[in-house]
Amino acid sequence: MRGFRLSSILTTVAVGASAALTNGRSFSYDGYKVFRVKTHAQPSVVQEKLSNITFEQWNHDVHSHIDIVLAPDQLPGFAELDLEYDIMHDDLGGSIAAESVHSSLWKRQAGGLSWFDSYHDYQDHIQYLQSLHDLFPDNSEIISSGSSYENRSLNGIHLWGAGGPGKPAVLYHGTVHAREWISAATTEYLTYKLVTEYKAGDRATRAALDKYDFYIIPIVNPDGFVYTQTTQRLWRKNRQPGPNGSTCYGRDINRNWEFAWDANPLGASTNPCSQTYKGERPSDTPENQGLDRLVRRLRDGAGIKLYIDWHSYGQYILSPFGYKETLYAPELGKWTKAAQYVSDAIRDSSAALTTFTFGPSGATLYTTTGAAPDHVYSIGRADFSYTIELRDIGKHGFVLPPELIRPTVEEQWPGQKVLWTLLDEEFFDGVGLLRRLDGRQSTP
Ligand SMILES: [Zn+2]
């Protein structure tokens, strides 16, 4: 999820003041509850009632519901508001404890899938990436797009197929928002499948990897990610100190991209305490500087064919533009059609019939400035540029139980396989589109 409402900014800070040590983290969510409050298309009525209590808000599009986190001392006041709601987490501290099991089984099963049965700490992620490289030593290399504020390397992997590196790039990022752990697992799973299916001779995988170089960076905000594991599970930003006079930490790396950074006051926050604080200047986070260098390097090389920034939650496939909801790029039809095919493939492959909503970011979800897809399209000249918000649509939100890692990551593979076949297709010349439609109709 890419944002918070401004009204929740200060409450987030207030909630933090009552922290106690638990689960190895210095901030405890024991006794906290998460509710999905129904707004019945009249969010202002519900927001007016909620203004009487202190809470943290998880979602931004509040047309049908508002997902809120409540500290124990706010529960009686909330009950008095007499709102209609579903319970997302009856004991958020318990849900966080349940996801914090770090199995090491994967280390004894090299090349197996047990990695995707639990969440892992940062060092294990680095080691896992190395193990993927070891599975595919002649067709991959470990890369770094730079360093974080706390000087962790932004490690990723570069994969290529026949004919060696140097083809147009497919670029995937995960975990720009620290608490969105499922995005690391997803980019790692796609890497795992690329490697193992290529080696097994899968035709579609071979076609993709022989045509494109893949650059995959599962954790582009390592400082924030480590902080979610040591200190506060629901941290979002990086860990850069605030500007002069502010005691608040962190900038939102995904509001910090140069393109249209300052284009719309609704798209990000200028308050250093906000979850969507955009920074003092465009690209004034070391993490963004490193990523942008990589984007420009790939642009000036063989070019960027596809870019995806992986997030959670809400199940969306979003293309530019985010910064202006009435601005439609000439490629919007192509992007929307491709997103529809991805969405169809995900739904048809998943036992849960998972559905993804798709469209231009600003109009479909909400306004964002300095966000990655706008920049990588406009400055990086990517042919296709998306944000994908993974599961779920509000049962668990950011704290997705470990047993849902596998189905969540697995359903993305058929979606990406379809997307790769579309990247060079002229499916808006009429003929290509008709051929594709015919193919769909003849498939039972
Ligand atoms: Zn996010």
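The model is predicted; local features require a pLDDT of at least 70 and side-chain atom pairs count only at pLDDT 80 or more, while totals for chains, interfaces and linings use all residues. Residues are numbered from 1 along each chain as its sequence is written, and side-chain values use heavy atoms, with hydrogens and water left out.

Now colour by accessibility. Buried means under 20% relative accessible area, exposed over 50%, and partly exposed in between, with a 1.4 Å probe and protein chains only. His177 is buried, at 0%, and Glu180 is buried as well, at 1%.

Next select residues 182-200, which form helix H7. Helices (H or I, at least four residues) and strands (E, at least two) are DSSP runs, numbered from the N terminus. H7 has 19 residues and spans 26 Å from its first C-alpha to its last, close to the expected 27 Å. The expected span is 1.5 Å times one less than the number of residues. Of the 19 residues of H7, 15 are buried, so the helix is largely enclosed by the rest of the structure. Gly201 follows H7 and has a positive phi, near 85 degrees.

Move to Thr408 in helix H14 (residues 405-410). Thr408 is buried, with a relative accessible area of 0%. Its side chain reaches the backbone oxygen of Leu404 at 2.5 Å. Beyond residues up to four places away in sequence, Thr408 touches Ile182, Leu390, Arg391 and Leu400; contact means heavy atoms within 4.5 Å.

**Aromatic rings**

How many aromatic pairs does the structure hold? There are 29. Rings of Phe, Tyr and Trp (its six-membered ring) pair if their centres lie within 6.5 Å; planes under 30 degrees apart count as stacked, over 60 as edge-to-face and the rest as tilted.

Select Phe35 and Tyr85: the ring centres are 4.5 Å apart and the planes stand at 45 degrees, so this pair is tilted. Phe35 belongs to strand S1 (residues 33-38) and Tyr85 to strand S4 (residues 85-89), so the pair ties together parts that are 50 residues apart in sequence. Phe35 is buried, at 4%, whereas Tyr85 is partly exposed, at 36%.

Then show Trp335 and Tyr377, an edge-to-face pair with 4.9 Å between centres and 90 degrees between planes. This pair links distant parts of the chain, with Trp335 in helix H11 (residues 332-349) and Tyr377 in helix H13 (residues 372-378), 42 residues apart. Both Trp335 and Tyr377 are buried.

Finally, highlight Trp106, Trp115, Phe116, Tyr128, Tyr189 and Tyr192, which form one aromatic cluster.

Most residues other than glycine have a negative phi, and most peptide bonds are trans. Zoom to the loop between strand S9 (304-312) and strand S10 (316-319), where Tyr313 is found. Ser312 and Tyr313 are joined by a cis peptide bond, with omega about 5 degrees. Gln315 is found in the loop between S9 and S10 and has a positive phi of about 60 degrees although it is not a glycine. Is Gln315 buried or exposed? Gln315 is buried, with a relative accessible area of 6%.

For the last stop, select Asp82, in the loop between helix H3 (75-80) and S4. Its phi is positive, near 60 degrees, in a residue other than glycine. Asp82 is exposed, with a relative accessible area of 66%.

Notes
Polar contact = N/O pair within 3.5 Å; in protein donor to acceptor, adjacent residues only side chain to side chain.
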